[in-house]
Amino acid sequence: MTHRGFIVVISAPSGGGKTTICRAVLKRQKQATLSVSVTTRPQRAGERDGIDYLFVSEEVFRKRIEEGAFAEWAEVHGHLYGTLSNTVRAAMDEGRILILDIDVEGAQQIRAVFPDSVSIFIVPPSLRVLEERLRARGRDTQEDIENRLLRVAREMKEIVRYDYVVVNDDLERAVDQVEAIFTAEGCRRERLEWEWEGADQIRGPL
Ligand code: 5GP
C-alpha cells in the first residue's frame, strides 16, 4: 500500500530552526524531497545555485510571474521568492512528499490552490531565544536582525491558519514531531493507493 504525493508547507519565523529540522526529517523520510525555490536574494557564501535556491535577477523573476510559472510567490525581507508549479507537479507525479520551506504569505497561497496540503508552523520557545539564535548564526547585519524580529509579530499571528504547531525547544523532539506528522498524514485514507489482497472476497455491507 502506498500513498499519493502531497505537499507539506513548513513555516517559521527566521531563526526558528526550520532549516535544521527540514534537513533532519529529509534524512529519515525517504519519500520526502525539499522544493528548491527561485529567489532574487543575493547568493550567500556556501550556498549552491540550483541546490539551495535558483538565484535569478528581479527581471527574470518578474517575467516568470507573468508567464504564470509560480505556484506561489512572495516578497520576503525585500527580496522575491517563489515555488515553481513544475516543481510541485513533478513531485506529485512521482508520489513524493514535497516540503515547501516558505513564508506565511506563500503558505496561504498554497492552501488556496492545494486544499489537501498540510501546513506546519515551527515556533521558537520565546522571542528572546529567537533573537539569540539570529545573533549566534552571525550571518545577518544588525539591521537585518531587527527587520526579522519586527516581522516575527506579524508572522506569529498567522499561526491560527496552520494545521500543526511544533515548538522547537528541543531539536530532537521537534524533528520527531514533524516526522510523526508526515507519517500520520501519509496514512490518511484519502491519500492511500489501495490494493488489498482479498478485497474482492469481502461480502455484504461494510
Ligand atoms: P532566506 O533568505 O533566509 O533563505 O529565506 C527567507 C525566508 O523566505 C524564509 O522564511 C523562507 O521560508 C522564505 N522562502 C524561501 N523560499 C520561499 C518561496 O519559494 N516562497 C515563499 N513564499 N517564501 C520562501
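Colleague: Which residues lie nearest the centre of the largest pocket?

Modeller: This is a predicted model in which local features need pLDDT of at least 70, side-chain atom pairs count only at pLDDT 80 or more, and totals for chains, interfaces and linings use all residues. Residues are numbered from 1 along each chain as its sequence is written, and side-chain values use heavy atoms, with hydrogens and water left out. A pocket is an open set of points on a 1 Å grid over the protein atoms alone, where a 1.4 Å probe fits, with protein on both sides within 12 Å along at least five of seven lines; lining residues have an atom within 4 Å of a point. Of the 42 residues lining the largest pocket, those nearest its centre are Lys18, Thr19, Tyr53, Asp101 and Arg139.

Colleague: Which element gives the most to the lining of the largest pocket?

Modeller: Helices (H or I, at least four residues) and strands (E, at least two) are DSSP runs, numbered from the N terminus. Two or more lining residues come from each of α1 (18-28), β6 (70-76), β7 (79-84), α5 (127-136) and α6 (142-157). The greatest contribution, six residues, is that of α1.

Colleague: How many residues of the second largest pocket's lining are charged?

Modeller: Asp, Glu, Lys and Arg count as charged, Ala, Val, Leu, Ile, Met, Phe, Trp, Tyr, Cys and Pro as nonpolar, and the others, Gly among them, as polar. The lining includes Arg41, Arg44, Arg139 and Asp140, and α6 gives the most to it, with three residues. Beside two nonpolar and four polar residues, the charged ones number six.
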